[in-house]
Amino acid sequence: MTENGPETRAARDRLLWQVTQGSELPALGASVSEVVRMASAQDDSVRELASFLLNDVALTQKMLRLANTVSYRTAGGTPVTTISRAIFLLGFETVKTSALAMLLVDGMKGKKGQSVRNELSLALCASVFGRAMARRAPFKDAEEAAVAALFKNLGRVMVAAHDHLLYGRIAELAESAGLSQSQASARILGCSFDDLTEAALRAWNMPDSIAHALAPLPAGMLKPAKSRAEWMQQVAAFSASMAALLPRMTDPGKDADSRAVLARYGAAMNLDAQGMADLVKAVAAEARALRLNAEIAFDEEVAAEPVAAEPAPQPVAKADPLAEFLLAGDSVAPSAERHPSGKPVQARELLMAGAQAMTEMIASGAGNINDLMFLALETLYASMGFRYATVCLRDVQTGLYKSRLALGSATPKLQRHFAFAASGNKDLFFLAMQNNADLLIADASTMKIASLLPVWHRTMLPEARSFIILPLVVKGAPIGYFYADRTVTAPEGITPEETSLLRMIKSQVIARMTSRAP
């Protein structure tokens, strides 16, 4: 290929096509833009972010593994088993930016080569530096700088992932001709890495503030920013420089490379040599943990193992009405990680951790009743391996039981139509709430169960093969219920200890409702 000749122009066009129309990057962009638009200032944002993560099993596992690393664990050392608690402990912006980093890595799955690995590692490291700088920002909503830092080298990531030979030629030209990466890419491709980044962000409908933050800075020493937009631009560039410098930094703040970065950014970032050393110390372990959990760690790095929860014995629940269907399983867990139904073998431990997280939320005074219900719902959904879970509350004006919160497959559609009257018919839901009976239906296809199912359940959830109903009864009056189901039967049932923990979780929600009642 000649510089900017027909072949390189064709390569550039292929890259631009990948950004706007290819099968991978537009899908990645849709997920990224959905997370970026979530604002921490909105009441529903925590639940929105948690719901997004929970719909991706692999992403959920990575986020929980990250939350349980030494760099992120709280002083108490209690394992984090729910996304809600991860957000509660680590902070909305930390989880959001980490999720974006992992989405970027997952979006490049199957793209092999050290160059891809290096560029992704730089992007993740830059996002951690950006988040650290946001904590000391003089501007409101500074956390957006971490997002800008993450995407600062997006153009290089895309070229490395989709045309590693071309990426190598650009690197060779930059080194041999003493050019910057941007200059070399512009000479070979006819557009710079920054142009590719801008094209991707435009195709992904990213906010203008982030796109502006990725624009090149003037040469030389930078002065303190006069606006949030200018400050974000400086932080994105500084974070990318620090990420590239970190692997070869020998004496943070004092070696030649550090002094060069300080000469350019020190005044603007209000950093001296000691400040840079402190920044590197704070960021290094966090960046390493993020790389490890995104599964792009260097060979010599070994992931920190999450600490397992220590379950405490729970009392066996007493028998209730409708005893044939009550939660009182007696199975022994097989050696596999999950039962054929999808229920985790470690259900008891996960339920225990969820109940403890709810206790901590109540004791701390953080979160409202919706946050507590969502944490309970997430614990139920993840600990028991359900495909769909919702909490329904009775609407005082209409008398309908409406879905307030939901998790799992087809959630938007089901939640929109999940509104049913307490008809008084002797169906399973009416009987459960009338008797305040927690029910497990292991096989909904049997004749006995089918005859007790309400019409709305048979119509809306015909694929449900096993489910539970946990009524919410306050002072003898049913006000709603937790419902969760699977598309397969669950012959393993639920153990007495799991039953007791489910009731504990439900009772915490009821107690919070009662304490807030007039």
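A residue is called buried here when its relative accessible area is under 20%, exposed when over 50%, and partly exposed in between (1.4 Å probe, protein chains only). By that rule Tyr265 is buried, with a relative accessible area of 5%. This is a predicted model, in which local features need pLDDT of at least 70 and side-chain atom pairs count only at pLDDT 80 or more, while totals for chains, interfaces and linings use all residues. Residues are numbered from 1 along each chain as its sequence is written, and side-chain values use heavy atoms, with hydrogens and water left out. Let's look at a strand and its neighbours, then at some aromatic rings.

- Helices (H or I, at least four residues) and strands (E, at least two) are DSSP runs, numbered from the N terminus.
- Strand E6 covers residues 477-486 and is mostly covered itself, with 7 of its 10 residues buried.
- Two strands pair if DSSP finds at least two bridges between them; E5 (residues 466-474) and E6 are antiparallel, with 9 bridges.
- Within that pairing, Ser466 has Arg486 in E6 as its bridge partner.
- E5 and E6 form a hairpin with 2 residues between them, and Lys475 in the turn has a positive phi of about 55°.
- Strand E1 (residues 388-394) also runs antiparallel to E6, joined by 6 bridges, and Thr390 stands opposite Tyr483 in E6.

**Aromatic pairs**

- Rings of Phe, Tyr and Trp (its six-membered ring) pair if their centres lie within 6.5 Å; planes under 30 degrees apart are stacked, over 60 edge-to-face, and the rest tilted.
- The count by this rule is 10 aromatic pairs.
- Phe151 and Trp204 have ring centres 6.2 Å apart and planes at 75°, so they meet edge-to-face.
- Phe151 lies in the loop between helix H8 (144-150) and helix H9 (154-162), and Trp204 in the loop between helix H12 (193-203) and helix H13 (208-213), so the pair ties together parts 53 residues apart in sequence.
- Both Phe151 and Trp204 are buried.
- For Phe238 and Tyr265 the centres are 5.5 Å apart and the planes at 65°, so this pair is edge-to-face.
- Phe238 in helix H14 (residues 228-245) and Tyr265 in helix H15 (residues 256-269) are 27 residues apart, and their pair links distant parts of the chain.
- Phe238 is buried, with a relative accessible area of 1%.

**A cluster and a charge over a ring**

- Tyr401, Phe420, Phe429, Trp456, Phe467, Tyr481 and Tyr483 form one aromatic cluster.
- A charge sits over a ring if NZ of Lys or CZ of Arg is within 6 Å of the ring centre and within 35 degrees of the ring normal.
- The charged end of Arg486 sits over the ring of Phe386, 4.2 Å from its centre.
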